[in-house]
Every structure is written in structure tokens, then in C-alpha cells.
Amino acid sequence: MARTAQLAEMPWFGALDRAAGKLSRQVAEALREAVRKEDIRAGDALPSTRSLAASLQVARGTVIEAYEQLIAEGFLESKAGAGTRVAQALAEPRPAQEPRTAARRAVKACLPERSQTFARIAKEFRPVALVPFAVSVPLGLTAPADTWRRLGNRLRAKGPGAPTGYADPLGALPLREEIASYVRKSRSVRCEADQVIVTSGTQQGLFLASQVLLDPGDQAWVENPAYRGVTAILESMGHRDTMVRVPIDADGINVEAGIRMAPHARAAFVTPSHQYPLGMPLSMSRRSALLAWARAGNAWVVEDDYDSELRYQGHPFPALQGADPDRVVYLGTFSKVLFPSLRLGYAIVPRNLTDAFCGARVLMDRHPPTADQHVLAAFMAEGHLERHIRKIRNVYAEHRLQLIETLGALLPNDLAWLEPGDQGMHLVLWLAKGTDDRAVAELAARRGVTVRAVSPMFARGTGRPGLILGFGGFSNAQMKAAAQRLAAVVNEEAKLAKRRTRSR
Ligand SMILES: Cc1ncc(COP(=O)(O)O)c(C=O)c1O
């Protein structure tokens, strides 16, 4: 006997217009709209294709086609035995229930200024949905191989990764040895394992460097624009007024300008291999000038080398550290080449600074969790990391070209254009003057697309609107669909910007 399909209860699903074109497209759009309006939320189960088709009085194939399209876009996910659900990745982290405004203001007023700064920073650093164009999402071909899981199972149960007491604050020696050998070979960094401090990522390396190298009142050079993770550290640690934002041009940080602005700064925070976010490498003459300035004034250079493994043409510039290992604190991370939730990176510091970094590290969190350090050491020792990097380099090179092509076809040049570059795992898409890039990023998030606004990375009053687009491990279909939605948002925001200009 044929089963009678149960009717799905979905009052928000409007009537389909049979004269208005493909029904599966209308079903897909209605579901996207329902997610946007939060009629259904991340993780919610959808009705079976059979019951939705029965409720809408359409063929089951129509609903299957709509579901398949949304799965390809990353909007829905389907697991054997669990049916089809709205993708978890679309979950927008919800702020905790906030007290009434007046009460909130009163509570805020008695908080130390520093806590207010940290609270503002927490908002900026809320995790984003892991959909296109989030940066460094390990999916598909960019996810670490099964070897990672196998080594983890083996080493966490027995051997060096098994539970122990407190360990060396500098990190597990086998990992420090692997890191030293890897950066010597791949980045021409000059170091031994005793100079390597395993961190929980470059974010912590930047924090340690600012604590160890800067006394109250010391000036520090920071690129303009720069990674918010570094400017936010300095703002929150009492260096807001002593942070000197040095301009960037086609050769990277303008050292002459830095010397004019703050000749006696104590440290320079730079991204010489791949300026963040714009992408150009620091030229050879600027490298020499930067190191000469640091030597002459007894200053330190903090080199954030976050993604130089991912270069697609020619050879990468060697690390700046190799040119003067006594002046440079070198920071590296496994977030880009492996995955960010690993929370492992490294600081390589001049010998006379290792004790200071070690002390600061102990007070912060003693040391990183031991088990994953041993898993990573084995992963590197057996050659898996180098193989993985070779593989993802090919994947990213292809995704990058595809994204450039897709955006070029969707967005006219007067509305949005790409910053040239040939490295890394993100692109900068500049937006026309007057566009509110934060508004674009917020609206895009509501439509299931993750982008970061560029203007907050500039010093106040110098910003330009733009977006950071990561090309992660997403499929071509997901990236295409997201690019279309993003193009629609950019167009809408550009119209608003025009209206704003006219009404002024
Ligand atoms: C320029 C730059 N530096 C540092 C970091 C922080 O990396 P980690 O995950 O190792 O803390 C990032 C992450 O996006 C980055 O883009």
C-alpha cells in the first residue's frame, strides 16, 4: 500500500506562483528567506522531501532539486540518518541577553576603562560563520588527512601525548626541534630549538611580544592598514596613544616615514612577506632600512609571517629574521597551513629574550596543551606537513583564480575591484568610495556569506572601504553561489551610498 506523506507544518512558506518560473528555484528562495528571517535557524531539521512536496503540491523531484541546490551552496546539510537540516555554520553567535539600556550604561560606567576596551574588542572578534568567504576553513581537500586522526589516536592514549604533569613552558622539545628545522629549510630563519617558544597561535605571539618588548609609554610602529589582532592588543594594553601607524605603499611599510614619525620607537610590528591585508612583500631596500633603523636605536622588529607558505608564482622572499636574528622576533602559525582550531604557532626569539618570553608565557597559561604538540611533531617528522602544504597550495591556487574570474564577471569595475597579489588565502576586494564596508559585511552575513570589512584595519580617518575574501576549502559551487549573493549585497549598498551622497 502506498504511504501517505505527512503534510509539513510551515506557515511561513508562502504560496508558489506557478506562472513565475521554475518551482524548484522558488522553493529554494523561500527556504533562504525563511533562514534570513529566522523562521528556521541553524541546525533546524527540514521536512522530508516527500512531505514538503505533498504540502506544496509539487512533484517530489522539485523539492529534491531545491534541497540539492541549497546543499551545494552550504545553506543546508544532509547526513545519513539525520535528514536535511539548516547548516550549523549559519549560526550567528547570539549576544547574551542584555539588560535595559539605562541599566547597562550604569553598569558600564563603573567598569574600568580597560574592561570597556576588552568588551568592544570581544564584539569585533566574534566568531564568523564558516561559509564562503571565511579565511582558513579546513574543508574537503584542505582538511588534514586521516593521518592526523590516526596519529592523534595513537599518541594521546600512550606515549608522549598521554596525560602528564606540567611541562616545559617553551613547549615540547620534539615539536620545537621540528619547527626549527622546518623554518630553517622553508623560510631561511636562523635558529635552534632553544629559541623556539610554542604558542597557541600568532595572536598569543603578538601578545607576548607586546608584553615583553614594550614598557609603558614606549612607542611602537604598526603598519597602516594592519591586522586588527595587533592594533587591538596595543589599544587594550595602554599603548593606544603610543602606537604609530606607519603608511604602506607598493614596497610595504614606508620606513622613512616611520623614522620621521617616531625615530625612537621601541618596536615595529610588520608583515614583511605578505603585508596584511594588502598583500605586497616588503622590498629588499626597505628590509635593509628597517633593520638598520632597529640596530641603530636598539629597537626590535616583530615579524608576523602568517601565510608565506602559500605563494603561487616565483619564490617567496626569505624571512626577515634570517637577515638579523638578534633584532627580529619571528612569529609563525599552523592556523593557515593546517587549521585555526589547532591553536598552535611559534615565536622564535633572539637568545637574550628567551627567558623573558618564557616568564611571560608561564604567567599567561603555563604552556600549550601537550597532547596536540606531540601529534603535530609526529605529523611534521613523518613528512605529512610538507605534503599537505604542497597539496593545499594547488587547491588554493585554483580557488583563487576561480574567485577572481567569478567576481570579475559579477561586479562592474566602478563598484568593486581586486587588489593584485599572488600569495596567501585571501583577496582584498576594494569597494567604491562612500560604500559602508561594515554594512556590506553585516548584510552579507545575514545572507549566509562571510566577509570582513577592511576599513577598521586602518587608523582612524585614513580608511578605505573594502572586503577580505578567503577562499578556504569551499567547493566551486559554494563559492559561485556566495559570490552571486555578495554581488547583490554590494549593488544594494552602492545604491544606498549614492542616495546618501545625493541627499547631502
Ligand atoms: C596577519 C595575521 N596575523 C596573525 C593572525 C593570527 O593567527 P593565529 O590563528 O595563529 O592566532 C592572523 C589570523 O588571521 C593574521 O591574519
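Analyst: Let's start with the term itself: a salt bridge here is a side-chain nitrogen of Lys or Arg within 4 Å of a carboxyl oxygen of Asp or Glu. Keep in mind that this is a predicted model, where local features need pLDDT of at least 70 and side-chain atom pairs count only at pLDDT 80 or more, while totals for chains, interfaces and linings use all residues. Residues are numbered from 1 along each chain as its sequence is written, and side-chain values use heavy atoms, with hydrogens and water left out.

The structure has 17 salt bridges. One of them joins E65 to K22, with the closest N and O atoms 2.6 Å apart. E65 sits in helix α3 (residues 60-73) and K22 in the segment before α1 (23-36), so this pair ties together parts that are 43 residues apart in sequence. Helices (H or I, at least four residues) and strands (E, at least two) are DSSP runs, numbered from the N terminus. As for cover, buried means under 20% relative accessible area, exposed over 50%, and partly exposed in between (1.4 Å probe, protein chains only). E65 is partly exposed because its relative accessible area is 35%, and K22 is partly exposed too, at 44%.

Next up is R311, which bridges to D422 with the closest N and O atoms 3.8 Å apart. This pair links distant parts of the chain, 111 residues apart: R311 is in the loop between β8 (300-304) and β9 (328-333), and D422 in the loop between β11 (416-418) and β12 (426-431). R311 is buried, because its relative accessibility is 17%.

R361 counts as buried because its relative accessibility is 0%, whereas D365, at 32%, is partly exposed. Elsewhere, E124, R228 and E235 are linked in a network of salt bridges.

K495, K498, R499 and R502 gather in a positive surface patch. Residues in a patch have over 30% relative accessible area and no salt bridge, with like charges joined within 9 Å; the place of a charge is taken as NZ for Lys and CZ for Arg. Within this group, K495 belongs to helix α16 (residues 476-503) and counts as exposed because its relative accessible area is 55%.

Technical notes: Patch = residues over 30% accessible without salt bridge, like charges linked within 9 Å, V, L, I, M, F, W, Y side chains within 5 Å. Areas by Shrake-Rupley, 256 points an atom, 1.4 Å probe, with all protein chains shown as cover. Lys, Arg positive; Asp, Glu negative; His and termini not counted.
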